[in-house]
Amino acid sequence: LSFRVRSASSAAARAAAAAPPLLLDAVRREEAASKKGFKRSDACQAAFAEAWLRARGAAPRDLVLVLYGDAAFGDALGARGDVRTGRLGRVCGGAVDDDLVGGTAGGLVDAAAVLIHLPASVASRGAALALQAQGADGYEEELVTRLRGFRPDFGLVATCFGRAPEDFHGESGVEARAHARRLQCPLVGFLAGGEFGAAGGSEFGALGFTTCL
């Protein structure tokens with residue numbers, strides 16, 4: 001998920017930097033043993049996340065980073081109408097290890113989720129991509145095609161664990177080298193057990209075996 005900021009002193013950038021992220025404890029410990037409890041809580045917390053973004057005035061040009069410990073939360077979030085259609089921004093992220101989401105939050109269970117809303121300024125634009133190509137040539141070709149000449153100043157990368165080099169590309173560093181050649185900007189990212197990003201057209205949702213940018 002790429003974000004271009006031409007005015008570092010913009011009010012939107014300052015507001016985004018000062019705004020705290022939304023931290024959700026999606027499943028209480030006493031519900032953890034119940035699969036039914038997980039499903040019920042995922043849907044409830046996804047609705048709360050959508051309402052939180054709506055209350056913040058999130059718009060289609062904004063960026064939203066989402067990290068969660070339970071892949072079912074991503075499915076529930078992608079089912080929310082205003083999230084799925086991109087009306088609340090370009091959403092990118094995925095399911096990460098619970099040590100990152102829950103462990104650092106001080107006792108939260110592994111289904112916790114974090115949302116960070118980055119409002120776009122008047123002079124900013126972004127691009128959201130979900131790439132599925134296999135092999136060095138195929139991946140770089142798809143990246144170039146989908147970028148359409150866009151040159152970001154910063155990028156977020158969420159890559160599926162299933163895209164391991166020995167099983168998917170046949171060699172190491174394929175995607176990293178393509179990003180360095182074609183994006184030429186600072187990148188931050190993580191391996192995901194289920195990604196969330198541009199699902200096709202203008203829709204966003206939970207994905208698998210993709211690299212989301």
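1. Start with two helices. Helix H6 and helix H8 (residues 174–182) pack at an angle of about 35°. Their axes lie 10 Å apart. The crossing of H6 and H8 is right-handed. Bear in mind that this is a predicted model.

2. Who makes that contact? From H6 come Ala136, Tyr139, Glu140, Leu143, Val144 and Leu147. From H8 come Val174, Glu175, Ala178, His179, Arg181 and Arg182. By class, the contact of H6 with H8 has seven nonpolar residues, one polar residue and four charged residues.

3. Next, the largest pocket. The volume of the largest pocket is about 350 Å³. Its lining has 19 residues, and the closest to the centre are Arg90, Gly126, Ala127, Ala128 and Gly201.

4. Which element gives the largest share of the lining of the largest pocket? That is E6, with three residues. By class, the lining of the largest pocket divides into eight nonpolar, seven polar and four charged residues.

5. Now the hairpin. E10 and strand E11 (residues 203–207) pair in the antiparallel sense. Five bridges join E10 and E11. Gly197 stands opposite Gly205 in E11. Two residues sit between the strands of this hairpin, and Gly201 takes a positive phi near 65°. Gly201 is also among the residues closest to the centre of the largest pocket.

6. Finish with Leu207, which lies in strand E11. What does Leu207 touch, leaving aside its neighbours within four places in sequence? Its contacts are Ala130, Gly194, Glu195, Gly197, Ala198, Ala199 and Cys212. Gly197, one of these contacts, is the residue that stands opposite Gly205.

7. One pair spans the chain. Leu207 and Asp75 are 132 residues apart in sequence. In space, Leu207 and Asp75 are 8.6 Å apart, C-alpha to C-alpha.

Terms used
Residues numbered from 1 in each chain as written. Predicted model: local features only at pLDDT ≥ 70, side-chain atom pairs only at ≥ 80, totals over all residues. Heavy atoms only, no water. 1 Å grid on protein atoms, 1.4 Å probe; cavity = no way out; pocket = protein on both sides within 12 Å on 5 of 7 lines; lining within 4 Å. Points joined across faces, edges and corners; volume = space filled by probe spheres on them. Helix = DSSP H or I, 4+ residues; strand = E, 2+ residues; numbered from the N terminus. Nonpolar A, V, L, I, M, F, W, Y, C, P; charged D, E, K, R; others polar. Pairing = 2+ DSSP bridges. Axes fitted to C-alpha atoms, helices over the stretch in contact; angles between N-to-C directions. Left-handed = near helix turned anticlockwise from the far one by under 90°. Contact = heavy atoms within 4.5 Å.
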